[in-house]
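Work through the following exercises with the sequence and the model side by side.

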Amino acid sequence: MVAALLRALGFTVRLLDADWTWDEIVLACALVEASRWRTVAQEDSRAIELSRLLQSTAIHPLEMRPPGFRNPAGVERKTGDLVSRLPRTGRKHTNGNHLDKKVVQAFLGQPDELAAIEQAVVASTD
C-alpha cells in the first residue's frame, strides 16, 4: 500500500533484496552441475550470461530491482551456496536460500527432469 502511494507520487520503489526463486536457483544449479559441481567465478562468461538472463524482465519487473540485481558476483555467490549444499562435501553450509538444498537434491535425484525445467525456464525468458 505504501509502495503504491509512493509510485502514485512519482517515486521509484524498489525492493532492497529479492530472494532467489525456484526457477532462478534451478538455472544456477544447472550451471553448477555443468561445472562439475564447482562454484562458478563471476568472471566466467557463463556467470555473466546467467546474470544477463536473470536480469531479463521476464523474471522480475524492472521497477522491483535493487542496484546490482543478480549481477555476476551474485551468481558466483549463489553457485557457492549450492555447492555448499552437496551431501558429504565437508564444506560448511552457507546461509543461502531455503530452497537451495531442495534444488540440489532434485538435481541429484532427478537430473533429467530438472534439465527439462531449466530449458523451459530459459525458453520462457526469450
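Predicted model: local features only at pLDDT ≥ 70, side-chain atom pairs only at ≥ 80, totals over all residues.

Residues are numbered from 1 along each chain as its sequence is written, and side-chain values use heavy atoms, with hydrogens and water left out.

**Exercise 1. The chain as a whole**

Determine which secondary structure elements the chain holds and what share of its residues is buried.

Solution. Start with the elements, where helices are DSSP runs of H or I with at least four residues, strands are runs of E with at least two, and both are numbered from the N terminus. The chain has six helices and zero strands, so that its order from the N terminus reads α-α-α-α-α-α. Next take the extent: the C-alpha trace spans about 50 × 30 × 30 Å along its principal axes. For burial, a residue counts as buried under 20% relative accessible area, as exposed over 50% and as partly exposed in between, with a 1.4 Å probe and protein chains only. Of the 126 residues in the chain, 34% are buried. Finally, with contact meaning heavy atoms within 4.5 Å, 61% of the contacts with a separation of 6 or more join residues 24 or more positions apart.

**Exercise 2. Helix 2 against helix 6**

Describe how helix 2 and helix 6 pack, giving the angle and the distance of their axes.

Solution. Two packed helices are described by the angle between their axes and the distance between the axes. The axes are lines fitted to C-alpha atoms, for helices over the stretch in contact, and angles run from 0 to 180 degrees between N-to-C directions. On this basis, helix 2 (residues 22–34) and helix 6 (residues 111–124) pack at about 115°, and their axes are 9 Å apart. The contact is formed by W22, D23, V26, L27, A30 and E33 of helix 2 together with P111, L114, I117, E118, V121 and V122 of helix 6. To classify these residues, count Ala, Val, Leu, Ile, Met, Phe, Trp, Tyr, Cys and Pro as nonpolar, Asp, Glu, Lys and Arg as charged, and the others, Gly among them, as polar. The contact of helix 2 with helix 6 then divides into nine nonpolar, no polar and three charged residues.

**Exercise 3. The buried face of helix 5**

Which residues of helix 5 are buried, and which helices do the buried residues pack against?

Solution. Within helix 5 (residues 100–109), the buried residues are D100, V103, V104, A106 and F107. Viewed down the axis of helix 5, these buried residues fall within an arc of 160°, so they line one face of the helix; the arc is that of the directions from the helix axis to the C-beta atoms. The buried residues of helix 5 pack against helix 2, helix 4 (72–84) and helix 6.

**Exercise 4. The aromatic pair**

Find the one aromatic pair and classify its geometry.

Solution. Rings of Phe, Tyr and Trp (its six-membered ring) pair if their centres lie within 6.5 Å, and planes under 30 degrees apart count as stacked, over 60 as edge-to-face and the rest as tilted. The structure holds one such pair. The rings of W37 and F107 have centres 6.5 Å apart and planes at 80°, so the pair is edge-to-face. Because W37 lies in the loop between helix 2 and helix 3 while F107 lies in helix 5, the pair ties together parts that are 70 residues apart in sequence. W37 is partly exposed, with a relative accessible area of 21%, whereas F107 is buried at 2%.

**Exercise 5. Positive phi**

Where do R36 and W37 lie, and what is the phi of each?

Solution. Most residues other than glycine have a negative phi, and most peptide bonds are trans. R36, in the loop between helix 2 and helix 3, has a positive phi near 55° and is exposed, with a relative accessible area of 64%. W37, found in the loop between helix 2 and helix 3, has a positive phi of about 60° although it is not a glycine.
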